[in-house]
Amino acid sequence: MPKNKGKGGKNRKRGKNEADDEKRELIFKEDGQEYAQVLRMLGNGRCECMCIDGTKRLCHIRGKMHKKVWIAAGDIILVGLRDYQDDKADVILKYMSDEARLLKAYGELPENTRLNEGIVGDLEEDDDNDAEEFVHFEDEDIDRI
């Protein structure tokens, strides 16, 4: 039988997220980089993002982040732009929710950016039409059903 030379199996590797608790330094964009918000996940390490400059790009999640940093729709990320492809970019960093709020407070993100929401897009909430969306039954109607 082979001799076990490692430090443990996959259960040991699962408990490697101790770094999430500590505060990290806020990283701002540089030239060749842009802030973006994830519109939807496409699978195979790719996602569709709306960049702050107004361009929708197909983003590739780099191998260092793949299966270690989980990205969902609505997250704020930092992408590296490609010189040779304007419609594609590479995900460099995912901002946590408190970091995204700080970016918005510093004026790096526009005011109309929605944070902490899973569904992103042009969804307008109309509070005036709430009564029209539901059918109200009286007690006699429920007894007949």
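Which residues make a nonpolar surface patch of about 310 Å²? In this predicted model, in which local features need pLDDT of at least 70, side-chain atom pairs count only at pLDDT 80 or more, and totals for chains, interfaces and linings use all residues, the patch is made by Phe28, Leu102 and Tyr106. Residues are numbered from 1 along each chain as its sequence is written, and side-chain values use heavy atoms, with hydrogens and water left out. Patches are made of residues with over 30% relative accessible area and no salt bridge, like charges being joined within 9 Å and nonpolar side chains (Val, Leu, Ile, Met, Phe, Trp, Tyr) within 5 Å. Accessible areas come from the Shrake-Rupley method with a 1.4 Å probe, and for residues only the protein chains shown count as cover. Phe28 is placed in the loop between α1 (10–14) and β1. With a relative accessible area of 37%, Phe28 is partly exposed; buried means under 20% relative accessible area, exposed over 50%, and partly exposed in between (1.4 Å probe, protein chains only).

The protein has 4 helices and 5 strands, arranged from the N terminus as α-β-β-β-β-β-α-α-α. Helices (H or I, at least four residues) and strands (E, at least two) are DSSP runs numbered from the N terminus. Of the 145 residues, 24% are buried. The protein exposes about 11500 Å², and carbon and sulfur atoms supply 47% of this area. Among contacts (heavy atoms within 4.5 Å) with a separation of 6 or more, 52% are between residues 24 or more positions apart.

The strand pairing around β3 was examined next. Two strands pair if DSSP finds at least two bridges between them. β2 and β3 pair in the antiparallel sense over 5 bridges, with Glu48 opposite Leu58 in β3. The two strands form a hairpin with 4 residues between them, and Gly54 in the turn has a positive phi of about 95 degrees. β3 and β5 run parallel and are joined by 4 bridges; the bridge partner of Ile61 in β5 is Val91. In a regular strand the side chains alternate between the two faces of the sheet. In β3, Arg57, Cys59 and Ile61 form a covered face, whereas Lys56, Leu58 and His60 form an uncovered one.

A nonpolar core is a set of buried Ala, Val, Leu, Ile, Met, Phe, Trp, Tyr and Cys residues joined through side-chain atoms within 4.5 Å. The largest such core has 13 residues, and those with the most contacts inside it are Cys49, Cys59, Ile71, Ile77, Val79 and Val91. At least two residues of this core come from each of β1 (33–43), β2 (46–51), β3 (56–61), β4 (76–81) and β5 (88–94). The largest share, 3 residues, is supplied by β2. Another core, of 10 residues, lies apart from it and includes Ile76, Leu78, Leu103 and Leu115.

Leaving aside neighbours within four places in sequence, Ile71 is in contact with Val38, Met41, Ile61, Met65, Ile77, Val91 and Lys94. Met65 lies in the loop between β3 and β4 and is buried, with a relative accessible area of 6%. Not counting residues up to four places away in sequence, Met65 touches Ile71, Val91, Ile92, Leu93 and Lys94. The C-alpha atoms of Met65 and Val91 are separated by 8.6 Å, the two residues being 26 residues apart along the chain.

Side chains of opposite charge can pair when their charged atoms come close. A salt bridge is a side-chain nitrogen of Lys or Arg within 4 Å of a carboxyl oxygen of Asp or Glu, and 7 salt bridges are counted by this rule. One of them joins the side chains of Glu99 and Arg24 (2.9 Å, N to O). This pair links distant parts of the chain, 75 residues apart, with Glu99 in helix α2 (residues 97–105) and Arg24 in the loop between α1 and β1. Glu99 is buried at 7% relative accessibility, whereas Arg24 is partly exposed at 39%.

The side chains of Lys29 and Glu34 also meet in a salt bridge (3.3 Å, N to O). Lys29 is partly exposed, with a relative accessible area of 35%, and Glu34 is buried at 10% relative accessibility. Asp53 forms a salt bridge with Arg57, with the closest N and O atoms 3.4 Å apart. Asp53 counts as partly exposed at 42% relative accessibility, and Arg57 counts as buried at 3%.
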